[in-house]
Amino acid sequence: MRILLDKFSKSFGSTKVIEEMDLEVGSGEMLALLGPSGCGKSTTLFAICGIHRPTSGRILFGDRDVTGLPSQERNVGVVFQSYALYPHMTVAENIGFPLTVRRMAAANIRKEAAEIAALVHIDNLLDRRPAQLSGGQQQRVALARALIRRPDVLLLDEPLANLDAKLRLEMRSEIRRLQKETGITAILVTHDQVEAMSMCDRIAIMKAGEIVQISTPSEMYNDPRTAFVAGFLGNPPISFLKGMAEGGAFVFGNSIRLMLPALAAIPDGAVLTLGVRPEHFGTSGDVQVEGKVAFAETQGRENLYDVVLPDRSVLRSIQPVRNDVAVGDPVCWSLDSKAALVFAEDGRRL
Amino acid sequence: MVEKTRVSANFSSVPVILALGLLSLPLVLMYVYLFIDTVSNSETGSLIPNEFTLEHWSFLWETKPGKPNIWLVTLNTFVFTSVITTVILLVSSMAGYVLSRLNVPARGFFLAGVMVLHAFPSVTLIIAIFIVLQYIGLYNSLLGVILVKAAIDLPLGIWLMKGFYDTVPWEIEMAGVVDGASRFTVWRRLVLPQIRPAVMALGLFSFLSGWSEFILPQVLAPGAQVQVLSVYLASLIADDNNFDFATFKAVGVFYVIPVLILYVFFQKHLMNIYGGGTKG
């Protein structure tokens with residue numbers, strides 16, 4: 001079902017958390033709300049599921065206006081960060097609780113709970129209690145409980161934050177599989193860009209209660225609208241260099257000049273920031289940059305280097321494993337100026 | 001439990017047990033003699049009993065002149081205590097939840113007010129309460145004294161329950177609401193089970209408190225038909241004409257038996273009241 005936020009605002013007392021936010025999630029789409037802590041992404045989620053009441057604006061599920069409806073009358077499924085399983089109930093009772101509340105017959109509940117448990121691969125655990133389950137299993141129970149009532153929208157509040165790294169990888173594809181299989185509209189709240197990029201159709205990146213940019217993961221990675229977006233996506237992160245515009249070129253360090261078409265109309269002397277992703281600095285490129293390796297990290301398949309330029313700014317480089325460079329070595333590597341991103345002083349992309 | 005006692009001893013426990021045993025010996029002796037004296041007679045000045053007798057327990061099968069029947073008194077005590085426990089559990093578990101979780105107007109005022117009420121020693125109120133009960137016709141009735149005792153014990157219960165509710169994670173309630181449960185169902189089916197140990201503890205605590213209450217029934221319900229055991233016991237020792245120490249002791253033992261039984265079965269739960277926090 002299509003979810004629409006129309007000029008949605010939320011304040012707590014005099015603190016404005018979200019102001020006039022517009023957001024549309026298409027039917028069957030999975031959207032990530034990505035942003036640092038305190039940017040209002042969880043507030044948005046809680047407003048959609050009805051726990052927080054919007055200060056102003058409307059929330060629509062399909063064509064139905066649910067703005068004033070209490071949680072109980074919206075058909076939403078939520079997976080909380082802490083899973084929020086009911087500790088005194090068995091797995092089957094946990095999963096079946098949304099149906100128990102609707103006074104469905106006990107036998108039917110048991111049957112449906114078993115069905116949905118099979119979908120998330122926990123049908124052998126139905127009689128256990130949450131305390132007897134591992135983190136990943138608890139997560140699956142929470143998912144099953146959210147899905148059993150066939151909700152209009154599935155809301156996931158940092159669902160992977162409490163899992164260890166390996167499980168996180170597994171649950172990432174698992175959640176995506178479930179979402180695709182059930183064709184449910186889903187909203188994922190996370191501060192982990194890897195999760196957002198790998199699981200979702202589109203990403204809405206948020207900062208201080210506003211959506212900065214909303215687009216597909218690859219588009220957002222290659223074409224960020226602001227320095228904030230560029231800095232948030234990508235691991236290892238993009239490195240930023242301070243510099244100045246001079247005759248249509250970006251000048252930094254010991255007067256290294258980068259001819260950039262985007263700078264044609266920028267007056268000389270304007271303060272700019274250049275963003276270079278680690279994969280665009282290294283063995284191939286059109287501009288030579290000299291520096292000294294300050295830090296090297298082996299990641300198995302690749303090595304990550306921090307290179308300090310003479311003006312003390314740092315460029316990161318990720319390259320296939322090589323053994324000829326050590327910390328302290330002077331290097332002269334090339335930078336791909338066509339892939340470099342340039343930002344104005346206020347963070348706007350040029 | 002068994003493991004716990006076996007582990008963690010990096011010193012011998014024998015001297016500790018010996019020292020504690022020695023220190024508590026006088027107490028044990030007193031209890032032993034309390035019991036022995038109720039089933040035996042000894043010569044004046046002697047500690048050694050010289051005959052076995054059940055005459056001190058005769059209050060169980062014959063009513064003493066001028067005293068109410070012991071079984072009626074026991075029944076009264078049970079009614080008094082059970083009703084108080086029920087009322088306290090019902091009101092505290094609901095009021096505690098409201099004060100902990102719901103956005104009620106003047107919540108702070110209520111919390112503070114309940115606290116102030118708890119600070120009042122009940123004795124200071126007793127004359128006022130006496131007059132009020134007299135005025136509304138509840139003097140010398142079980143109902144009156146039950147209301148008063150429950151009201152005086154409630155603040156502690158409410159605060160205690162509020163403290164336990166505070167430890168239940170919010171997410172559980174949010175999940176319940178999103179799953180479509182009403183606020184009452186959330187409380188009854190999801191939150192209350194989380195604090196079951198606390199409810200058990202408070203119930204026990206109220207029962208013991210009601211069982212041992214003396215001053216309120218003594219002043220507000222002294223009549224023969226509504227007497228409770230503590231008042232009955234006091235009337236024995238206050239009676240200068242038939243001063244019978246052995247019977248007094250026997251009634252005392254009789255009075256303490258239900259408490260001992262409760263302790264044997266439920267002492268684990270009673271510990272919870274001071275432990276706090278959620279379990280399991």
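Which residue in S9(A) does A:Leu31 stand opposite? The first legend has the reply. This is a predicted model, where local features need pLDDT of at least 70, side-chain atom pairs count only at pLDDT 80 or more, and totals for chains, interfaces and linings use all residues. Residues are numbered from 1 along each chain as its sequence is written, chains are lettered from A and ligands numbered from 1 in the order in which they are written, and side-chain values use heavy atoms, leaving out hydrogens and water.

**View 1. Strand S3 of chain A and its partners.** Strands here are DSSP runs of E with at least two residues, and helices are runs of H or I with at least four, numbered from the N terminus. A:Leu31 stands opposite A:Arg202 in S9(A). S3(A) runs parallel to S9 (residues 202-207), joined by 4 bridges; strands pair if DSSP finds at least two bridges between them. With S8 (residues 185-190), S3(A) pairs in the parallel sense over 5 bridges, and A:Leu34 has A:Thr190 as its bridge partner there.

**View 2. The side chains of S3(A).** In a regular strand, side chains alternate between the two faces of the sheet. Here A:Met30, A:Ala32 and A:Leu34 point one way, A:Leu31 and A:Leu33 the other, and all are buried. Buried means under 20% relative accessible area, exposed over 50%, and partly exposed in between (1.4 Å probe, protein chains only).

**View 3. B:Leu25 in helix H2 of chain B.** Helix H2 (residues 14-38) holds B:Leu25. B:Leu25 counts as partly exposed because its relative accessibility is 45%.
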